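Q: I would like to learn how to read a structure feature by feature. Could we go through one together?
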Amino acid sequence: MAIIRSKIGIIGGGISGIAAAKQLAKYDPIVFEATDCIGGVWKHCSYRSTKLQTPRCDYEFSDFPWTQRDNTNFPTYEEILDYLYSYAKHFDVLKFFNFNSKVVEIKFVGDREMNYFGEYGSLLTGNPVWEVAVRNNQSQTIQWYAFDFVVMCTGKYGDIPNIPNFPEKKGPQMFNGQVLHTLDYSKLDQEASTKLMKGKKVVVVGYKKSAIDLAVECAEANQGPEGQPCTMVVRTLHWTVPHYSIWGLPFYLFYSTRSSQFLHERPNQGLFRTLLCHMLSPMRRAASKLIESYLEWKLPLEKYGLKPEHPFEEDYASCQMAILPENFFTEADKGKIMFKRTSKWWFWEGGVEFEDNTKLEADVVILATGFDGKKKIKAILPDPFRSLVEFPSGMIPLYRGTIHPLIPNMAFVGYLESVSNLHSAEIRCIWLSRLVDDLFKLPSVEKMLEQITQEMEIMKRTTRFYKRNCISTFSINHSDEICQEMGWQFWRKTNWLAEAFTPYNSQDYAEEK
């Protein structure tokens with residue numbers, strides 16, 4: 001088949017792909033989605049109990065507010081999918097989507113003599129830079145496309161599970177029961193998931209949001225005298241939060257206002273700001289301690305050995321703060337959820353074994369061990385670009401969370417995390433559309449790498465979990481710099497009081513006319 005020529009290709013149909021398609025609509029982009037629908041992880045990695053971890057107003061597009069945005073209940077994944085479909089239909093972006101179209105290979109066909117790696121010029125040169133092979137999941141045929149510019153929106157989650165490494169002859173093959181990953185579990189309907197766990201000895205490996213939600217579903221399936229407890233194997237503890245109120249104060253006052261983020265280090269802050277930040281560090285630690293004291297008072301962390309040794313700030317700075325389901329510790333008090341702390345574990349024929357030589361019998365082991373987002377990118381990127389995806393630090397080096405300075409005519413959206421990943425994706429797609437329109441120019445490769453390195457160093461100094469590429473403690477400053485680059489006013493509030501003490505959300509970044 002002849003190669004199909006187009007200016008812009010977008011890979012992935014989650015929130016990032018939808019946002020990119022809307023912002024780049026004037027170029028008639030072609031969006032490749034491997035499944036039969038939009039939604040990404042909300043469609044393919046959600047359980048029946050999965051909910052958003054923030055209020056509606058913190059997870060919406062700037063030009064498409066929720067119909068019930070003041071509803072304080074966290075929306076379910078079905079409500080989020082409905083919202084995403086409504087957005088896509090309202091702005092007529094579904095016409096750009098090719099469903100059941102899996103990208104299996106990308107080739108670099110740009111002019112190798114061009115100076116892609118010095119000063120960036122126009123991104124739409126009229127000459128193809130990338131050829132993309134797409135397999136139709138129904139016909140199994142391969143169609144090649146040629147693009148000036150490609151936007152990668154495959155995301156960090158879903159598709160490729162992160163499976164732990166086990167000692168020889170101590171992996172899942174030794175176990176007589178059933179082993180599955182949360183990716184497999186999310187494909188089960190309510191009847192099948194209940195049947196999987198009811199009356200069974202279930203082990204859930206992990207202690208992040210997906211593991212916590214899964215443990216509650218397991219406990220709910222095992223009510224009554226015949227029910228079996230679910231055991232969570234906890235390798236790394238993280239702080240969990242019951243709701244967005246700390247000692248009667250709204251949580252946003254601690255981290256989501258311009259005044260609260262003033263206490264935290266940020267890129268390009270200068271010598272005076274660096275000294276001031278150091279002087280204010282006791283206030284920063286006090287805020288973290290205040291939150292920790294509330295959580296220790298509110299939750300039975302000491303009782304179950306679930307109090308982390310690291311400060312709360314480190315979990316917030318790495319986007320790992322989880323909101324607890326209301327009945328999590330209620331089920332633990334009933335004996336339906338149990339905990340086993342360990343750093344190493346493996347399988348034996350009857351269940352799982354730990355480094356302290358204890359054994360736990362199990363019928364089902366569910367791995368809530370996350371996903372390998374970088375592997376998804378590396379699987380389709382050609383050499384030498386594949387080797388450039390991550391720095392030695394383990395992070396993907398992206399300028400403005402979007403442009404890899406050493407990979408020409410390609411953008412990455414959805415790989416930088418913040419408190420609201422939807423807002424992060426949208427504002428970067430707005431920035432990207434203006435970059436493609438030639439309304440501003442990128443700095444030199446050297447300056448972009450310098451900016452990236454600064455951000456990475458701040459993450460490394462702020463949290464031991466820095467590899468997650470999270471900007472939550474300097475997200476407002478990050479958006480400020482994006483606005484400045486686009487020529488927008490970066491102070492977005494109506495007065496200085498609101499600017500200092502109210503939280504920022506997507507509505508503050510409604511497009512300037």
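Q: How many disulfides does the structure hold?
A: A disulfide is a covalent bond between the sulfur atoms of two cysteines. This is a predicted model, and the structure holds one disulfide.

Q: Which residues form the disulfide, and how far apart are their sulfur atoms?
A: The pair is C319 and C470, with sulfur atoms 2.0 Å apart. The link of C319 and C470 is right-handed, with 70 degrees about the S-S bond.

Q: Where do C319 and C470 lie, and what does the pair tie together?
A: C319 sits in the loop between α11 (312–317) and β13 (322–323), while C470 sits in the loop between α15 (445–462) and α16 (475–486). The pair therefore ties together parts that are 151 residues apart in sequence.

Q: Is C470 buried or exposed?
A: A residue counts as buried when its relative accessible area is under 20%. C470 has 4% relative accessibility, so C470 counts as buried.

Q: Which cysteine sulfur is nearest to that of C45, and which is closest to that of C57?
A: For C45, which is in no disulfide, the nearest cysteine sulfur is that of C37, 11 Å away. For C57, the closest cysteine sulfur is in C319, at 18 Å, and that is too far for a bond. C57 counts as partly exposed because its relative accessibility is 22%.

Q: In what order do the five strands of the open sheet stand, and is the pairing parallel or antiparallel?
A: Strands of a sheet pair through backbone hydrogen bonds, either parallel or antiparallel. Here the order is β7-β18-β8-β9-β14, and the pairing is parallel.

Q: Which strands stand at the edges of that sheet?
A: They are β7 (178–181) and β14 (337–341). Each has a single partner strand, so one side of each is left without a neighbour in the sheet. From one strand to the next, the twist averages 20 degrees.

Q: How many bridges join strand β8 to strand β18?
A: Four bridges join β8 (residues 202–205) to β18 (residues 364–367), and the two strands run parallel. In this pair of strands, V202 stands opposite V364 in β18.

Q: Which strands do helices α5 and α6 lie across?
A: Helix α5 (residues 190–197) lies across β7, β8 and β18, and runs at about 125 degrees to β18. Helix α6 (residues 209–221) lies across β8, β9 (230–234), β14 and β18, and runs at about 165 degrees to β9.

Q: Which residues of α5 are buried, and where do they fall around the helix axis?
A: The buried residues of α5 are S193, L196 and M197. Seen down the axis of α5, they fall within an arc of 85 degrees, so they line one face of the helix. E191 and K195, on the other side of α5, are exposed. The buried residues of α5 pack against β7, α4 (182–185), β8, α6 and β18. After α5 comes G199, with a positive phi near 70 degrees.

Q: What span should helix α10 have, and how far apart are its end C-alpha atoms?
A: Helix α10 (residues 281–298) has 18 residues, which at 1.5 Å a residue should span 26 Å. Its end C-alpha atoms are 26 Å apart, which agrees.

Q: Which residues of α10 are buried, and which are exposed on the face turned away from them?
A: S281, R284, A287, S288, I291, E292, Y294 and L295 are buried in α10. These buried residues fall within an arc of 160 degrees, seen down the axis of α10, so they line one face of the helix. The face turned away from the buried side of α10 carries the exposed residues K289 and W297. Among the elements that the buried residues of α10 pack against are α7 (252–255), α9 (270–279) and α11.

Q: Which residues does a cis peptide bond join?
A: Most residues other than glycine have a negative phi, and most peptide bonds are trans. A cis peptide bond joins D383 and P384, with omega about 5 degrees. P384 is in the loop between α13 (373–380) and β19 (410–412).

Q: Where is N409, and is N409 buried or exposed?
A: N409 is also placed in the loop between α13 and β19. Its relative accessibility is 5%, so N409 counts as buried. Although N409 is not a glycine, N409 has a positive phi of about 50 degrees.

Terms used. Residues are numbered from 1 along each chain as its sequence is written. This is a predicted model: local features need pLDDT of at least 70, side-chain atom pairs count only at pLDDT 80 or more; totals for chains, interfaces and linings use all residues. Side-chain values use heavy atoms; hydrogens and water are left out. A disulfide is a pair of cysteine sulfur atoms within 2.5 Å. Buried means under 20% relative accessible area, exposed over 50%, partly exposed in between (1.4 Å probe, protein chains only). Two strands pair if DSSP finds at least two bridges between them. Axes are lines fitted to C-alpha atoms, for helices over the stretch in contact, and angles run from 0 to 180 degrees between N-to-C directions. Contact means heavy atoms within 4.5 Å. The expected span of a helix is 1.5 Å times one less than its number of residues. The arc is that of the directions from the helix axis to the C-beta atoms.
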